[in-house]
Amino acid sequence: MKILHLHLHRLVLVLGLALPCFSVDGYGGEQQQRRTYIVHMAKSQMPAAFQHHAHWYDSSLKSVSGSARMIYSYDTVVHGFSARLTAREAKSLEARPGILSVLPELRYELHTTRTPEFLGLDKSKALFPESDSGDEVVVGVLDTGIWPESKSFDDTGLGPVPSGWRGACESGTNFTASNCNRKLIGARFFSKGYEATMGPVDVSKESKSPRDDDGHGTHTASTAAGSAVDGASLFGYAPGTARGMATRARVAAYKVCWVGGCFSSDILAAMEKAIDDGVNVLSLSLGGGTSGFDRDSVAIGAFAAAEKGIFVSCSAGNAGPSSYSLSNAAPWIATVGAGTLDRDFPAFVSLGNGKNFSGVSLYSGNSKGTLLPFVYAGNVSNATNGNLCMMGTLDPAKVKGKIVLCDRGVNARVQKGSVVKLAGGAGMVIANTAANGEELVADAHLLPTTAVGEKSGDAIKSYLFSDPNPTATILFEGTKVGIQPSPVVAAFSSRGPNSITPEILKPDMIAPGVNILAGWTGGIGPTGLAVDDRRVAFNIISGTSMSCPHVSGLAALLKAAHADWSPAAIKSALMTTAYVAYKNGEKLQDVATGKDSTPYDHGAGHVDPVSALNPGLVYDLTVEDYLDFLCGLNYTSSQINTVARRNFTCDSSKTYSLYDLNYPSFAASFDSSSSGSTAIKYARTLTNVGPAGTYKASASSGSAAVKIAVQPDTLSFSKAGEKKPFTVTVTASAMPANTNAFGRLEWSDGNRTVGSPMAFSWT
């Protein structure tokens, strides 16, 4: 997900959105509001009278409503359909034979020149295939569409479209099949669900086609698999060669997000089509809510993708640094948080008292360095929230020609600048509050602006409130690289513990997600504001929306190098080789606290693709393992059928444990009210994907309250593909509620280290 930066329409998760569309429901003539529902069907229970499931779906719908229309029929990611129904029709339909569930639709929200060098890809080209196998990998991106004219999608040097590709380039507003090439090999759009709820797409404001009028989709697609583009920058900031993670992979764009949001009926339809088209990787920088897996369309679609051998990467969300704030928590999804790069864009505010405070900015103009009158927004507004520089809250008579300090929060940072500029202001300082602390995110503001951290903001306000004639100026210093420490976990990056299944540690990993340069749409300026008439080929934005496609692209690289690896093996390789410390040995930092980050913040750590190419051992998983996991959640046969599209009954004679899912990390939640100690036993299996060798285990708990035992503690592998089981027993003493403890398990053969984070909480 992208940080609040562009259009302001993606702010909340809305259940069962509906326009005021009313219908006689057939039960006594009462009028009820219609909304979209996803209907999950047990395909195996289709009566013999029907020759095709689509006929059965249609008959089932007509049995409860003569006027309701089907939006989509699904067969790959789910068995069932979506339709506009009244609440009474939905309830009646759910009672019919063969219906597993009838669920209200969800609306989801959208959650790089320096990055390849930062990840070490520039030094390791020989390690990654640059020819035929790399050409064969297709990354599908579900987002706001694509700007095909971007140089990031130049197909120079690429061979023919992969022979197994079954996708297409759909025509629509400002888009034809000729917009695709050997790089952008697929482009589709899905608007039926959106239009059923929000009304027809307004083609004067956005294209009813795969064309990206927002920028987000072009940015994520080019981050994952953009071609190398020399001389890229944003107004001269971050200059260099922009390239995606997997430069030779193909891109397929699936537009599911519109001005009014991203609707689950459209997302399911897009995931179904992407699977049928033949993608190898699916990248979704969106999310919403923390529903159970049987009620989460992205989780359901991702299960079908994983079953087909497709790697699915999703953003963790931008609701950090609060605990329990992440989404996309299913174990068959790679859940990605965000970290910083070693690059910054410093801009100083210099005060009339001679003091200077460092901030960041991507403002494109020059500063004269002249001291100007300086005011606090709250003092030049009659509104109670005037300090936030909301639309229409500033008094132009008190603002004209002055620099205005605005507090960060509520509305977009770039919109605050627009408000100040509209009121006649000459510049702006955005000051963080406690909600954002010292996290700094750069923006391409419309007027001279710098953003400062909470401590600097408080010091600047102290000057503003005490000096009778405060003045200031803003100085811009361009691009600086080599910033240390880096990476640090971004404050906005959503955190664990996992609220749905605390036994599965999430996020899985972090990747670059702050101030990322990538391709942009020609349809809107870099701020995304309607008043911004600037047009750029590349833009710098931040969010877990940006970190997700980094992992999607890295998965494409690993898939090209290891075509036989499963999605779980690829994720394991990325997780067990991720790093949790800097080269000087210090632990990764969390910008939200200024202290060491934890596995609830960074998961397994920051991705290290060069090491992931040869991880030594992997924790692999199959669909059967995930079915056992659902049994461990005590899912009913109906719930499992909703997720997995099959009749599956848990074995009543078998004991299912969530701790036995062969996951590359370890987590547990203990009851703080229990007396004495509690023991948990994990069962795991490692698969050798490297040379023969003997691996020795070492485990550390980091807490006297937690004891860890590994049995056996030595595993010997004689050939590739060999599997060896082991167990981990964690014994934890009673601790107060809200206590957390963290440990680490490492297997090493002296050359390779296979690392796993361990996270324990008491509730």
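**Aromatic pairs and helix packing**

Biologist: Are Trp 332 and Tyr 626 buried or exposed?

Modeller: Both Trp 332 and Tyr 626 are buried; buried means under 20% relative accessible area, exposed over 50%, and partly exposed in between (1.4 Å probe, protein chains only). This is a predicted model, in which local features need pLDDT of at least 70 and side-chain atom pairs count only at pLDDT 80 or more, while totals for chains, interfaces and linings use all residues. Residues are numbered from 1 along each chain as its sequence is written, and side-chain values use heavy atoms, with hydrogens and water left out.

Biologist: How many aromatic pairs are there?

Modeller: The count comes to 22 aromatic pairs. Rings of Phe, Tyr and Trp (its six-membered ring) pair if their centres lie within 6.5 Å; planes under 30 degrees apart count as stacked, over 60 as edge-to-face and the rest as tilted. Trp 332 and Tyr 626 form an edge-to-face pair, 5.4 Å centre to centre with 70 degrees between the planes.

Biologist: Which parts does that pair tie together?

Modeller: Trp 332 lies in the loop between β18 (311-315) and β19 (334-339) and Tyr 626 in helix α16 (residues 623-632), so the pair ties together parts that are 294 residues apart in sequence. Helices (H or I, at least four residues) and strands (E, at least two) are DSSP runs, numbered from the N terminus. Ring pairs also link Trp 332 and Tyr 626 with Phe 293, Phe 303 and Phe 629 into a cluster.

Biologist: Changing topic: at what angle do α7 and α8 pack?

Modeller: Helix α7 (residues 264-277) and helix α8 (residues 297-307) pack at about 10 degrees, with their axes 9 Å apart. They are therefore roughly parallel, given that angles under 35 degrees count as such. Axes are lines fitted to C-alpha atoms, for helices over the stretch in contact, and angles run from 0 to 180 degrees between N-to-C directions.

Biologist: Which residues meet there?

Modeller: Ser 264, Ile 267, Leu 268, Met 271 and Ile 275 of α7 meet Ser 297, Val 298, Gly 301, Ala 302, Ala 304 and Ala 305 of α8, where contact means heavy atoms within 4.5 Å.

Biologist: And why is α10 largely enclosed?

Modeller: Eight of the 10 residues of helix α10 (residues 413-422) are buried, so the rest of the structure largely encloses it. Its buried residues pack against α9 (396-399), β24 (403-407) and β25 (427-431). Just after α10, Gly 424 takes a positive phi of about 95 degrees.

Notes
Parallel < 35°, antiparallel > 145°, perpendicular 65-115°, else oblique.
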